[in-house]
Structures are given as structure tokens and as C-alpha cells.
Amino acid sequence: MTDTVPVIDWASDFDVLDPRYITDPFSIWDDLRTTCPIAHTDRRISSWLPTRYEDVTAIAHDIAHFSSLRVAVIPGGEDDEPPVDFEGPNLEYGLPPISADPPLHTWTRRLLLPWFSHRRVDGYVPMTRDLCRGLLDGFAEGAHADAAAGYAQQIPVRVIAHILGVSTDMSDTFTMWVRDILEFADDPERRQRGAEGLLMYFVEQLEYRRHNPGPDLLSELLGEEVDGKPIDDGIILGIAALVLIAGVDTTWSAIGSSIWHLATHPEDQQRLRDEPGLMALAVEELLRAYSPVTMARLVTEDVEYGGCPMKEGDKVLMNFPAANRDPEAFEEPDVVRLDRAHNRHVAFGSGIHRCAGSNLARMELQVALEEWLHRIPAFSLEQGKEITWAGGQVRGPRILPVVF
Amino acid sequence: MKIRVDPDKCQGHARCYGLAPELFDVDDYGQASVIVDEVPTELEDKARLAVANCPEYAIEILSE
Ligand code: HEM
Ligand code: SF4
């Protein structure tokens, strides 16, 4: 990752890759909300950073001025095109539905939604539970573990591989590619390695499934017709890559942050052990407080929003994590209240791009925490060991040593 | 109590279903609907909880 020049003025020169923004963005948002609720920067590309719930949700709903054609928070290259030199189907549509506006967004999203309906997701519970138990078998007998790399990181990638119908043996490679794309996008070599690796892999998989279809998402997309015609290969490839990219880093970050919270708040840990019925509400509260995902939008024409002169081609960072800490929208937002009753959090976004995998993500987070609490006795951070966090597009712990 | 989901506002966050599956369902495409004509008295608090957690302000109380 390239080094960032330290930020002095967050209102006019913010940088989401500044180490302070990665370890403690909360105090920065608090300052901005009271002084300059929509910050600006010219670093990388002219971008705006709203910090209030009202602004983030209003911009998310205004799809005419704020397009999803560019959703990367850390743009790749000068003109913000992904610097991927790729021989394969045409990816001119990016990764729909996330990088699309209607009408492409509407029908590609409809293809995906049934795979992640709450009914389908119920069916993935047993395999997720077995997976968590198997991982815990590997270290629960000991006295310490890396809850991020040894547990959280291992879960979502395998669930997604199962749904896509690809081999879970590839899990570590998938994780590496997804991190290259989302966390190390600032490094052109890693970004290229991740994007090319992942796309070439799916090109092969699609070719194979065309002749050997199975009961999986990839095969089904190949068999679908839209307006009487098969779907363009580039679009299928984009959808497949998106499911992997969107379903892995995000969910693993949420699981890791939640375990970090419980390790540092023994009273909450005890409460969840004593009141397991609280888990569903607690999951929403942990998603609110440690929302992992920030997305970007592209300004489609010059527009003034909240007094800010946004120019065509600027980016706006959809700061869902900051919206979820806005005191105008949540009472005592910096306090985690596991039983918070009024919680309109937008960890999964707001408006038409609401996370298509939200039912799956919630289930994985809930099952991962239940199984962890079931198997691991009282735990805390391991003194003297360093914790590392990733930030930018997706925030969460990457190394999280705990003792029990 | 009578409640309804505004189909134009609902984006399928499924918070309503998660909190009160006795009152709501969400279909395969993320569209929520109310599955009772009248909210039973003992579930009125749950209905209010769903209203207060819908991120899209899509659930309306038609009559208390
Ligand atoms: C805790 C975990 C997760 C979080 C916090 C999260 C968050 C988000 C957010 C904020 C968006 C909105 C993007 C935007 O407005 O531009 C989104 C979209 C999306 N997410 Fe997730 N996500 C998670 C897990 C997953 C999983 C497990 C999948 C599985 C497939 C997934 C698939 C998608 C897809 C396909 C979209 C695009 C939807 C559209 O553009 O219509 N996500 N996610
Ligand atoms: S919580 Fe609101 S947006 Fe979500 S499914 Fe229910 S009614 Fe729709």
C-alpha cells in the first residue's frame, strides 16, 4: 500500500486510508458532523464525505444525480478505470447490480435476490453451523486464537463458494483476490493480481458449467433468458465476481468486529451468554456500531447538495458507517446497547442497492457468534499482541489475538 | 390495529420479518407484506417495533 500523507484538516483534505481514519474514524465523524458535515478531498479524485444519517440516506435515494457506475472508494488509476488488462468477455458493465443504474440494475438484481431470500438462507444454516464448529475444533482446546484470521475470515468465503458451486479448496486464494481488490486497491500490482485472478477463474468455471450444469448460481445464470435471449457472458461474469467480492470481506469484517467488541466488553459477552434470545437484536446493533461497508457514487451533473458545489465526475462516499453513529438518528450512538429497540441502521445501505445478501450476512454473523460463545469460555484481547485493522471500503480487524 | 407496507418504499431489508414473523413476510424478491388483517392486541408492541426499525420508513400504522 502506498504511504498516505498525514491528514491535518479533515474537512477539506480527508483521506480514508489515513491510519487514524482506519483505527478511529468515529471521533473524526463526530468533529465533522458539528463543523462540516460533508467533507471534501482532492486526494486521488475530488470526493465528498457525508457524515450525517439524513444526508447519506438522501444521497443514496437520489440515483439521478448520484450514479453507481463508479462504486470503488479507492479509485484505481488516474481516470478511475480499474487498471485491469484482461483478456476475456467484455466487462463493460462492471459488476452488476452494484455498479449499475436502472434498468440494468433492476433485472440483474432480480436474478440474484431469490438466492438470498430468507427461505433460501434458512437452508444454509446447517452447513454454516458445521463449518463454524469444525473451525472451533481446531483451536478451542488451546488457550488462545486469532479470531480474525483463524475464524471470522474462514467462514463467509466457504459459504459463498458453496452457493456458487465452486471448490472450497480455493478459499484462501479467493480471500487473497478479494483483499487485493478491496483493501489493496491503492497498489496497482495487487489490484491487477486480484482482478485478473478472480476473473480468469470464473471464465474457466463458466465454460465448464456450460457443459456440466449443476444446481448452483453460476449454472442457473447460464441457463437464464432475459427478453428471450441468453444473458451476455460479460454480465454473468460480473455478477459472479460481485457475489464473491461483496460476500466475503464484508461479512468477515462484521464477524471480526463483533468478536472484538465482545472481547473488550465482558459485560456484553456475559449478557449474550445469559440471554441467548437477545442475539437477533444484538446482531443488528453490532452491525450498526461497526458497519463495515462504505460505497461510492459518481456525480452525474453539477449539483449543489447541502451547500456543497458537487461537480460532474466527483465522487461521493456513501458513509453508511458514519450515518449509523449520528446522534440525530440514534440515542447515544457510541454506546453499544445489545437490546436497542429503535435501530433503523443502514449497514446494508439504503434505497435500491440495499445489500442483496443481507439475509445471508445476518445469518452468518449470528451463527458465527452463537457457535463461538458456545465453545469459547470467557475471552479477552491477548495482552502485548498487536491488532491490525483494514479500512477504506471495508473496515474490520485482520489480526485479532484473543485469550480464553 | 391495522398496518401496511408501502411497496414503493420497501427495499427488502427484512427487519420487519426478523422482528415479527407473525405479522410480516418478505417474498423472494425482497418485497415485504403484512400477513394479518388486524394486528392481534398482544402483537401491537411488536408491530410498533417493526415500524421503528424499518430503514426505509415503509411500514405505516393505518389505525391504532
Ligand atoms: C455484514 C456483511 C455485509 C455488509 C455490511 C454489506 C453491505 C452492503 C452495502 C452497504 C451495499 C450497498 C451498496 C451500495 O449502496 O452501493 C451492499 C450491496 C450488495 N451486497 Fe452486501 N454486505 C454484506 C454482505 C453481503 C453478502 C454475504 C452478500 C452475498 C452475496 C452480499 C451481496 C451484495 C450485493 C449483490 C450487493 C449489490 C446490491 C445492488 O446493487 O442492488 N453482501 N452490501
Ligand atoms: S423492514 Fe421495511 S424495507 Fe425492510 S422489508 Fe420490512 S418493510 Fe421492507
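Author: Ligand 1 is surrounded by 31 residues, and the closest of these are A:His105, A:Arg109, A:Arg297, A:His353 and A:Cys355, where a residue is near a molecule if one of its heavy atoms lies within 4 Å of it. This is a predicted model, in which local features need pLDDT of at least 70 and side-chain atom pairs count only at pLDDT 80 or more, while totals for chains, interfaces and linings use all residues. Residues are numbered from 1 along each chain as its sequence is written, chains are lettered from A and ligands numbered from 1 in the order in which they are written, and side-chain values use heavy atoms, with hydrogens and water left out.

Among the polar contacts (pairs of N or O atoms within 3.5 Å; within protein, one must be able to donate a hydrogen and the other to accept it, and residues adjacent in sequence count only if both atoms are side-chain atoms), an oxygen atom of ligand 1 lies 2.7 Å from an N or O atom in the side chain of A:His105. For A:Arg109, too, an N or O atom of the side chain is 2.7 Å from an oxygen atom of ligand 1, whereas with A:Pro97 it is a polar backbone atom that is 3.4 Å from an oxygen atom of the ligand. The elements that give two or more residues to this shell are helix 4 (104-112), helix 11 (233-264), strand 7 (295-299) and helix 15 of chain A; helices (H or I, at least four residues) and strands (E, at least two) are DSSP runs, numbered from the N terminus. Helix 11 of chain A gives the most to the shell, with seven residues.

By class, the shell around ligand 1 has 21 nonpolar, seven polar and three charged residues, with Ala, Val, Leu, Ile, Met, Phe, Trp, Tyr, Cys and Pro counted as nonpolar, Asp, Glu, Lys and Arg as charged, and the others, Gly among them, as polar.

Ligand 2 is surrounded by residues of chain B, including B:Cys10, B:His13, B:Arg15, B:Cys16, B:Cys54 and B:Glu56. The shell around ligand 2 divides into seven nonpolar, three polar and two charged residues.
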